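Good morning, and thank you for coming.

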Amino acid sequence: MTENKPVQSNKILVEARGLVPHAETSDMILPPLDCQIPAGSITCLIGPFGIAKEAYLRALACIEVPAAGELRLLGNACTYLSPEQWRELRQHAVYILRDAPLLSSYNAFLNVMLPALYHHLADHAQVEEKARRLIQETGIQCDVSVLPAYLDEYQRRCLAITRGLMLDPDVLFIDDTFRQLEHEECQLMGNYLTHLVRDHGLAVVTSTFDLTLARKQADLIIFLTRKHIRCYDSWQAMLDSDDEEVHNFLSNAMN
């Protein structure tokens with residue numbers, strides 16, 4: 001099975017031009033997004049508009065066809081994908097749901113193995129070996145022979161990400177990465193995601209209410225409001241912004 005990939009920081013994996021997701025209601029107007037996301041980078045979608053973060057993340061991950069604009073994901077023009085191309089794309093651009101739903105009737109270790117077994121990526125022994133290695137990289141201490149219900153939220157979240165890594169993806173899209181995690185767990189998760197980006201060469205794109213990752217590690221911060229989008233290439237650039245909405249958001253979030 002594929003080992004760690006070299007970092008290719010100049011390779012653009014996600015490119016959006018005038019991208020507008022479908023709004024939940026007809027009176028909701030979402031502004032267009034223009035961005036480029038390279039390999040070996042961390043992108044955080046933040047802001048006071050929670051619905052928008054999820055909508056843009058799903059659009060960027062090609063989970064839903066956008067209402068307007070263009071999206072290229074891993075070099076593919078996503079508007080014209082056939083069902084076969086879409087299935088192939090999903091193996092290389094993994095979307096991890098907010099609730100990290102591990103299958104309740106299988107133990108944690110089998111949950112991690114399932115994607116590779118389903119796609120016949122290797123024989124059982126190779127899949128098992130890779131699953132053990134990836135679980136070890138998370139740093140979590142837990143009994144993976146138990147059902148997910150017996151694990152805590154942080155352990156389940158790490159294992160859901162590990163399950164996605166079994167497919168050797170190029171991009172991980174993670175909805176609300178730090179949901180229901182304690183402050184220390186947010187820091188651990190941020191360190192783990194940084195490891196995946198720096199050592200595995202992945203691009204991580206995540207929506208989040210917690211600013212830990214954006215503040216410490218983000219290469220691109222996409223700030224979303226109901227009226228406009230601002231993109232910043234660092235936390236400092238965001239702090240230096242003259243946008244009043246950005247400063248109000250940061251003031252409320254940091255207090």
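Predicted model: local features only at pLDDT ≥ 70, side-chain atom pairs only at ≥ 80, totals over all residues.

Let us begin with the helices. Two packed helices are described by the angle between their axes and the distance between the axes. Here, helix H4, residues 124–138, packs against helix H5, residues 153–165, at an angle of about 140 degrees, and their axes lie 10 Å apart. H4 is therefore oblique to H5, since angles over 145 degrees would be needed to count as roughly antiparallel. The crossing of H4 and H5 is right-handed.

Which residues make this contact? H4 contributes Lys 130, Leu 134, Ile 135 and Thr 138, while H5 contributes Cys 158, Leu 159, Thr 162 and Leu 165. Sorted by class, the contact comprises five nonpolar, two polar and one charged residues.

I turn now to the salt bridges, of which the count is nine. Among them is the pair Asp 219 and Arg 198, with an N to O distance of 3.4 Å. Asp 219 lies in the loop between helix H7 and strand S9, and Arg 198 lies in helix H6, so the pair ties together parts that are 21 residues apart in sequence. Asp 219 is partly exposed, at 33% relative accessible area, and Arg 198 is also partly exposed, at 33%.

Another salt bridge joins Arg 17 to Glu 15, with the closest N and O atoms 3.1 Å apart.

Methods. Residues numbered from 1 in each chain as written. Heavy atoms only, no water. Axes fitted to C-alpha atoms, helices over the stretch in contact; angles between N-to-C directions. Helix = DSSP H or I, 4+ residues; strand = E, 2+ residues; numbered from the N terminus. Parallel < 35°, antiparallel > 145°, perpendicular 65-115°, else oblique. Left-handed = near helix turned anticlockwise from the far one by under 90°. Contact = heavy atoms within 4.5 Å. Nonpolar A, V, L, I, M, F, W, Y, C, P; charged D, E, K, R; others polar. Salt bridge = Lys/Arg side-chain N within 4 Å of Asp/Glu carboxyl O. Buried < 20%, exposed > 50% of the residue type's maximum accessible area, 1.4 Å probe, protein only.
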